[in-house]
Amino acid sequence: MRNFDLLEPKTVDEACRMLDAGEDVRPVSGGTALLILVKQGLLRPQVLVNLKKLEGTNAITRDGAGAVRIEAMATIHEVETSPVVREHLPVLAAACHQVANIRIRHLATIGGNLAHGDHQSDPPGVLVALDAEVELSGTRGTRAMKVTDFLLGTYETALETGEMVTAVTVPPVRGRLVGDYLKFTTGSSEERPCAGITALVRLEDDRPVEARLAVGAVAARPLLLCETDPTEGALQRMAEHAADEMDAIPDLRGSAEYKRHLVRVLGCRALAAAWKEACP
Amino acid sequence: MRHLITATVNGRERELSVKSNQTLLDVLRDDLRLKGTHEGCSVGVCGSCTVLVDGKPVSSCLMLASNAEGRDVLTIEGLSRDGNLDPVQQAFLDHQAFQCGFCTPGMIMAVKGLLNENPKPDQVEVRDYLSGNICRCGTYVEVMAAIEDLAAKGQ
């Protein structure tokens, strides 16, 4: 592999100071995405800052109000198997289980997944559907923003120089959410998603009060549609609307037209399944 | 730049001086001369380089060697005990669960990882867990038979 120096900070503050040195200094956590780019010569950093050895940065907790906080260095496997995530955010556990393969899930981290900004990935769309926030630490302090505002495009995020992702937080859900994540691949099962559809219905007092449809992997950013007066007809229109709205990126996994077709079909299917779960 | 790390490799504690840009696979093959772990795709897709770190399968081609600090690394060379093959190795032999053998060390380590986590996996769980280990000779049926055998014996 191309030569670089690996700096190994012990604290988040130290890591941010190291990252503040400029564009040739990049953060690395699990390495499963970044090292591929380095191997392929697409990225030529002089220095990598190793965030994997930062202590106490992988906890997954739920506070009294019901917000779930996942620290950035939690691996995708830790998220998928976390009892807290499985009980309170099963859709996130399901999506994380479908990321790549078991070996990658043991290395890759949730913070790295978001910071990498690859649109062809499973977790970002689900986190957008869950209205998640990302916490950032930098040399100029800490800030938080919605995941949907953080993801700017393919390999583009709102991260500034000298900043790193420290956690992702899913706010408390009013009532309860039902629904699932539907992944479609045109290659083998562990392939990157051609489309990743999250369909959720929120219930209050067992009455459906909101439907959410998030489409990941199709366009440069996940698309989120919300319907506050959910009916079967409205859900169908949501999927059609999503298909028309998407600025689908054509690639080896399918043409833009094919992907929009997928969004229509899978969106309808996922929303219908969520609706059935909400109103059995 | 070099990093001094301590890691347990196949049961033996080693002090290693690893380069910043070395992967765990590079250190295993080039420095420790453990050539059983193979490099296939080098991008985490094929599973040939699977080793266990703290009992869990990882793609050693994408793990920075420095991150092996304090970890317990197990490769195919560390499986046999006192000249006896590991039950997984024996099951692969019994069922002829390989042809050319290139993917076999990775496949066996992935099966070790699976059985560590779930000693009696059903077919769906096995397929799901091993979906990222590719055998271009197509010995999947035999691999499944070997695992079924191991699960039945509770090994």
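Which residues are buried in helix H5 (residues 90-97) of chain A? Keep that in mind as you open the viewer, and remember that this is a predicted model.

**Stop 1: helix H5 of chain A**

Select residues 90-97 of chain A. The buried residues in this helix are A:Val91, A:Leu92, A:Ala93, A:Ala95 and A:Cys96. Now bring up what they pack against: helix H3 (76-81), helix H4 (83-88), H8, strand E11 (176-184) and strand E12 (195-204), which belong to chain A too.

**Stop 2: the nonpolar core**

Hold on to A:Leu92. Together with A:Val215, A:Val263 and A:Leu271, A:Leu92 has the most contacts inside the largest nonpolar core, a set of 136 residues. Helix H11 (residues 256-278) of chain A gives this core its largest share, 9 residues. As background, nonpolar side chains tend to be buried together in soluble globular proteins.

Next, click on A:Val215. Ignoring neighbours within four places in sequence, the contacts of A:Val215 include A:Gly125, A:Ala195, A:Ile197, A:Pro222 and A:Leu223. Also among them are A:Ala242, A:Met246, A:Val263 and A:Gly267.

**Stop 3: helix H10 of chain A**

Select residues 232-245 of chain A to see the helix. How far apart are its end C-alpha atoms? They are 20 Å apart, which agrees with the 20 Å that 14 residues should span at 1.5 Å a residue.

**Stop 4**

Move to residues 12-19 of chain A, which make up helix H1. Its buried residues are A:Ala15, A:Cys16, A:Met18 and A:Leu19. Down the axis of H1(A), the buried residues fall within an arc of 160°, so here too they line one face of the helix. Strands that cover the buried residues of H1(A) include E1 (5-7), E2 (25-28), E3 (47-50), E6 (133-138) and E10 (163-170) of chain A.

Zoom out and colour chain A by domain: domain 1 (5-50), domain 2 (60-170) and domain 3 (176-278). The C-alpha centres of domain 1 and domain 3 of chain A are separated by 34 Å.

**Stop 5**

Pick A:Asp131, in the loop between helix H8 (123-129) and E6 of chain A. Although A:Asp131 is not a glycine, it has a positive phi of about 65°. Is A:Asp131 partly exposed or buried? A:Asp131 counts as partly exposed, with 17 other C-beta atoms within 10 Å.

Over in chain B, B:Asp82 has a positive phi of about 50° and is not a glycine either. B:Asp82 sits in the loop between strand E5 (72-74) and helix H2 (87-94) of chain B. B:Asp82 is exposed, with 4 other C-beta atoms within 10 Å.

**Stop 4: the two domains of chain B**

Colour chain B as domain 1 (2-75) and domain 2 (87-153). Their C-alpha centres lie 21 Å apart. Where they touch, 13 residues of domain 1 are in contact with 13 residues of domain 2. On the domain 1 side, strand E3 (50-53) and strand E4 (56-59) of chain B each give two or more residues, and E3(B) provides the largest share, 3 residues. That side has 5 nonpolar, 7 polar and 1 charged residues.

For a walk across chain B, find B:Ala152 in helix H5 (residues 140-153) of that chain. B:Ala152 counts as exposed, with 9 C-beta neighbours inside 10 Å. B:Leu25 is 127 residues away from B:Ala152 in sequence and 33 Å away in space, C-alpha to C-alpha.

**Last stop: where the chains meet**

Show both chains together. The contact takes 22 residues from chain B and 23 residues from chain A. Which element gives the largest share of the chain B side? E4(B) does, with 4 residues. By class, the chain B side has 8 nonpolar, 13 polar and 1 charged residues.

Notes:
Residues are numbered from 1 along each chain as its sequence is written. Chains are lettered from A and ligands numbered from 1 in the order in which they are written. This is a predicted model: local features need pLDDT of at least 70, side-chain atom pairs count only at pLDDT 80 or more; totals for chains, interfaces and linings use all residues. A nonpolar core is a set of buried Ala, Val, Leu, Ile, Met, Phe, Trp, Tyr and Cys residues joined through C-beta atoms within 7 Å. A residue is buried if 20 or more other C-beta atoms lie within 10 Å of its own, exposed if 12 or fewer, and partly exposed in between; C-beta atoms are placed from the backbone. Two residues are in contact if their C-beta atoms, placed from the backbone, lie within 7 Å. Domain bounds come from an automatic or database domain assignment. Ala, Val, Leu, Ile, Met, Phe, Trp, Tyr, Cys and Pro count as nonpolar, Asp, Glu, Lys and Arg as charged, and the others, Gly among them, as polar. The expected span of a helix is 1.5 Å times one less than its number of residues. The arc is that of the directions from the helix axis to the C-beta atoms.
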